[in-house]
Amino acid sequence: MFLALRELRFARGRFTLMGGVIALIAVLMVMLSGLSSGLVNDGVSGLKSMPATAFAFDEGTKTDNAFSRSVIDDQQLAEWRTIDGVAAAEKMGVSMANTTAEDGTQLDVTLFGVEPGTFLDPAISSGAGLGAIDGIVVSPTMKAEGVELGTVVTLDRIDTKLTVIGFTENQATFGHVDVAYLPLHTWQLIASGQALPGAPTEAQLSALDFSTASVVAVQANDGVKLDLAAADAIAGTSSQLLKAAFNASPGYEAETMTLSMIQMFLYAICALVVGAFFTVWTIQRKHEIAVLRAMGASAGYLLRDGLAQAAIVLIGFTAVGLAAGLGLGAIMPDAMPFALEAAPIATATALTIILGLMGAAIAVIRISKIDPLNALGGQR
Amino acid sequence: MTLQTPAPTALSIRNAMLEMGDGDSKVIALDNVNLEVAAGEFLAIVGPSGSGKSSLLAVAGALSAPDSGSVSVNGQELAGLSQGKLAAFRLANIGFVFQSGNLIPALSAADQLRLVNKLSGGPRSFDPLPLLESVGMAHRASNRPGQLSGGERQRVGIARALVSGAKLLLVDEPTASLDRARSHEVVELLARESREHGVATIMVTHDHEVLGACDRVLEMVDGKLSAPVSVA
Ligand SMILES: Nc1ncnc2c1ncn2[C@@H]1O[C@H](COP(=O)(O)OP(=O)(O)O)[C@@H](O)[C@H]1O
Ligand SMILES: [Mg+2]
């Protein structure tokens, strides 16, 4: 690296220019990665935090928006409870609602109707757990909108009133709106269209003849791999593991695919920029490389030197970009779905460096094709 | 110059033929060339442009192999050596001084020498200053080629060619871009270095002014090497 380091110092202007591009790419990578994680959280954190193994939708439900579209009945639930390896299976109701707080704030929520006391009942960070028929447990992210314990929200159009009695432990959002958990019975009352203005009452619930919900949430015994296809055939459902079910949340697939495509393009741009720079750089050094080879420097030495140089530049400037990206990420506005997570950022950084190195390698390899004879006889 | 005991042969070329180009544009660059150069001898080769002088240096310097004939340097026959072996051989046995400015732009004068020492696996304790001193460049040790004049660059180039203790020095048009005074200095330096270090030096030149410093002069015409008709 004797030569590599001295050349970096000698041509620092040129290397800094290219390094600046690499650093900017790294900043963008961090931003995109943060945005990806943020959108995923915003889209499906309500599902992610659930201790469920799989969700069973009614057979033939279209995958996008399947959670709010699917309808399952007690028969399907009962079948699932008989499947080998299933520890628990519960009905769950999912629907979107527009609500208004007493002070007129409009709040959009996803209603998750779950049976209190089952594995779906969320852990709480403050207030009380599910139980009261008009009580909802909401995501702590709603605090930013002025929601506190005791806030009463009114469902638009039907004027049913629900009261916030607790906050969940983790962020719980679904389809980019906050989740409000409520007892399954209350959810069914609302879903049936028979809810009346004011808080739901016991009398209304007992009069209700409505037993369907949206999906069956399934929890497998520890270490058991469920045979979903076989279970679906028996229960007349189509089920998906928790992660796969993310795609059934509104917009999830479209968002993540768009972002990963932009990332792919950035990797390609990085490889091309670095490759183009080192191609020009190697051509500029053609004569001096011919001189070195004529003197007896081996092609291997010169190749290693060139690659080490590329690695130093890539690692150095990617680190600069990473630091800048993390700094920027820390001051992102709250309204922007943005979450810095170590694993995706590490992957993105590694890929930036590896693809850059591949670009450089393709350029630097031409060192071995330079004929030492070019050193003789001047400019021929 | 009188030789009491015959000096060992540094370079021996026998019946070398070399064709350049291909098809219709084929030219005979070396036409049955025979050449012996003794250690410590300073040989000049003159001749018109395109007569094959650079080709002769390439063959003598293990950069290209003749189509037929044989080349040996310091007693080592070059035919049959692999590219890698040839490179290692050049590093240890042959010094090149190219036309002006063939120093590495990123390296200071001292680092030019250090690089060659590193490449040839020389001692870690290598000190470039004595060699730079002997070419009168110690005071410019930390300057890069861009900060040196043409003559100064050639001096550094000569010092660089001597780092690994090579016994054969091949010099291609060293005075091409120098004024007369500088040219004389550089050639005198080459003559002195080859005498002091027992290095056989072959210098290709257009410049008849500087031939006085050489032990022997040969002329190249159309690929044929012969004693010149007249020496200035
Ligand atoms: N790479 C090459 N391809 C084709 N012809 C070449 C090449 N290099 C040299 N020649 C030809 O070989 C002959 C000898 O060239 P060279 O040894 O460079 O002469 P000199 O150094 O005396 O000017 C010239 O006619 C030149 O045109
Ligand atoms: Mg020439």
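**Aromatic pairs and the A–B interface in a predicted model**

Over all chains, the structure holds eleven aromatic pairs; rings of Phe, Tyr and Trp (its six-membered ring) pair if their centres lie within 6.5 Å, and planes under 30 degrees apart count as stacked, over 60 as edge-to-face and the rest as tilted. This is a predicted model, in which local features need pLDDT of at least 70, side-chain atom pairs count only at pLDDT 80 or more, and totals for chains, interfaces and linings use all residues. Residues are numbered from 1 along each chain as its sequence is written, chains are lettered from A and ligands numbered from 1 in the order in which they are written, and side-chain values use heavy atoms, with hydrogens and water left out.

I return to the aromatic pairs. One of the eleven is edge-to-face between F55(A) and F67(A), at 5.2 Å centre to centre with 75 degrees between the planes. It links distant parts of the chain, F55(A) being in strand β1 (residues 54-58) of chain A and F67(A) in helix α3 (residues 66-69) of chain A, twelve residues apart. Helices (H or I, at least four residues) and strands (E, at least two) are DSSP runs, numbered from the N terminus. Both F55(A) and F67(A) are buried, meaning under 20% relative accessible area, with exposed over 50% and partly exposed in between (1.4 Å probe, protein chains only).

A further edge-to-face pair joins F112(A) and Y181(A), with 5.6 Å centre to centre and 85 degrees between the planes. Here F112(A) belongs to strand β3 (residues 106-114) of chain A and Y181(A) to strand β9 (residues 177-183) of chain A, 69 residues apart. F112(A) counts as buried because its relative accessibility is 0%; Y181(A), at 3%, counts as buried as well. One aromatic cluster is formed by F55(A), F57(A), F67(A), F112(A), F174(A) and Y181(A).

Let me turn to the interface. In chain B, 25 residues are in contact with 21 residues of chain A, contact meaning heavy atoms within 4.5 Å. About 2200 Å² is buried between chain B and chain A, and carbon and sulfur atoms give 73% of that area; buried area is the accessible area (1.4 Å probe) that two parts lose on being put together, summed over both.

How many salt bridges are counted between chain B and chain A? The count is one, a salt bridge being a side-chain nitrogen of Lys or Arg within 4 Å of a carboxyl oxygen of Asp or Glu. D111(B) forms a salt bridge with R6(A), and the closest N and O atoms are 2.9 Å apart.
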